[in-house]
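Okay, thanks for making time, everyone. Let me put the model up on the screen and then talk you through a few spots.

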Amino acid sequence: MKLMNMGLFLHVAGFVVCCGMMLHCAADSKVHYHEFHLTESNFTRLCSTKTMLTVNESFPGPVIRVRKGDTIYVNIHNQGSYGVTIHWHGVKNPRNPWGDGPEYITQCPIPPGTNFTQEVIFTTEEGTLWWHAHSDWTRATVHGAIVVLPALGTTYPFPQPDAEEIIVLASWYKHDVMELMTETLSRGGTANLSDAFTINGQPGDLYPCSKETTYRLMVDYGKTYLLRIVNAAQNQDFFFMIAEHNVTVVGGDASYFKPLTTPYIMITPGETMDVLVTADQPLGEYYIVATPYFDGGADDYDHSTATAIFEYRGNYTHPSTPSFPYHIPAYNDTVVASLFTNQIRSLASPEHPVDVPLDVTTRMYLVVTMNMLPCPNDSCAGPDGYRIAAGLNNKTFENPKVDILQAYYRNLSGFYEPNFPDQPLHYFNFTSDDLLSNNVTVSDPGTRVKVLNYNETVEIVFQGTDVMNSAENHPIHLHGYKFYVVGRGQGIFNNVTDPKNYNLYDPPELNTIPIPKDGWATIRFKASNPGVWFMHCHFDRHMSWGMDTAFIVKSGGTAETSMKGPPAYMPPCDLESFLGSKDSMLLREDR
């Protein structure tokens, strides 16, 4: 306890120095300081009230606004009842994995009754990002948007909008999310479905007891609005649209795109999109709709639809019911979803150029699968008494008892293995509808990471599969990096013919990529950010089931290319101090 208090003292002392510098920092808007208080608060939705963990008693949580190149310090006070971490989704945080936040990867959870301050460094990001809890399933209620404005003296690469609005899509559960997680992972079966979806914290008037609180976006005729859309849902892709209005997609994941005008977007968990919409229809009220896109074979998704209202100001007779977008794509329309995703292109302008790695030094072929793990006496709730799992190259990720970053930095052995495979151990017809035998369904659990030298150029081909008849879209997120999506396609990747069609001219630069059902996607990036960086499916149930790995990127040969040292205080990896480790299904066991 004395050691922890000393660490807290040193960290606070460091911030006194920082605050002493704030007069200078504020002058050029470079450094900002935020307080996050995690507390249990009461919220009423769907005719019932529940207590849930939030930041500063708000759902969604507070918006962080910065300019390109700024730095923030966020002091996180955990006044809840279990350990929590916070991740800054899409922020590269160069050389500083200590502030990234995923539990057991770069830190252990912040114990209840303590605080931890994270340094978050913005560099090339410009647009919309978000922050969220990265411990267990807590991000269902602990999340918020990040707005990264252009640097002073610069502006958007599109006409200045008249106003901006943040739109956060999320899941709503009537019951305590942590209890649902514990039940799901302890049984080993399928995950509980959400009871509703929300737009800016409200389900909308298609749900019971929700009409009066439906979110309304008030607009003026003739004006153009920049909507910053975040998909913070636990496990759900969405089609998003506004009745009788087209939107123009101009950016996503804090990168700019060539303008794409469309009646709808498809957005996966983890993704952000910036869209322009002009209020050019007759004065009235028009539904904003977030409806599920689900291309899986099983019927295990929340079928409901969240709504908000795009409402014109002015003198007119308000309708009894807003106009509804009746040309919504079917929930399983993979063609429409892929058509949208495949049209996204980087702006690739002189002010916002692309820099696609051309000379690849490391190639990886990652097979994305649902899997099973055996249970004693076939006692679990998955198929044939097994436990449902997931994996990459048939490796199911386990959480270590000490975070990988600390183990790597302090050269501690026994907490991870640097042998994550670049390719699957054996090849088969990945998209066959008859992949049910144990030789392809049962995975190999462990804490395996991929080690990269500084400045290696990496190409990863993600291959979707139909193992266990479970093919579906998977949103894969890489921490600490943006990457270029140079190719996508259906079926099994052909390493001879498919690369000939790669887009090396204007591929989108993203941090989260949807891997198409029974298809493949290829990304490229340069390993120029030393540290430990998580990569995982952004469906929380798949992440919990082990569809994850981590990269250790070695430092370069200079101080400017080397990972920073840790802050004076990091949350302790005390197995008795937080709920997360004791209840994590895939907490690594000593072998």
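This is a predicted model: local features need pLDDT of at least 70, side-chain atom pairs count only at pLDDT 80 or more; totals for chains, interfaces and linings use all residues.

Residues are numbered from 1 along each chain as its sequence is written, and side-chain values use heavy atoms, with hydrogens and water left out.

By nonpolar core I mean a set of buried Ala, Val, Leu, Ile, Met, Phe, Trp, Tyr and Cys residues joined through side-chain atoms within 4.5 Å. Buried is under 20% relative accessible area, exposed is over 50%, and partly exposed is in between, using a 1.4 Å probe and protein chains only. The largest core has 135 residues, and the members touching the most others are Trp88, Ile265, Phe310, Ile460 and Phe525. Strand S18, residues 285-293, gives this core its largest share, six residues. Helices (H or I, at least four residues) and strands (E, at least two) are DSSP runs numbered from the N terminus, by the way.

There's also a second, separate core of ten residues, with Val356, Val367, Val486 and Phe493 among them.

Back to Ile460. Leaving out residues up to four places away in sequence, its contacts (heavy atoms within 4.5 Å) include Met364, Leu366, Phe525 and Phe551.

Now helix H3, residues 177-187. Its buried residues are Val177, Met178, Leu180, Met181, Thr184 and Leu185. They sit on the same side of H3, because they cover an arc of only 155° around the axis, taking the directions from the helix axis to the C-beta atoms. Glu179 and Ser186, on the other side of H3, are exposed. At the start of H3, Asp176 brings a side-chain oxygen to within 3.0 Å of the backbone nitrogen of Met178. After H3 comes Gly188, with a positive phi near 80°.

H4, residues 334-342, has an N-terminal cap too: a side-chain oxygen of Asp333 is 3.3 Å from the backbone nitrogen of Val335.

Methods: A polar contact is a pair of N or O atoms within 3.5 Å; within protein, one must be able to donate a hydrogen and the other to accept it, and residues adjacent in sequence count only if both atoms are side-chain atoms.
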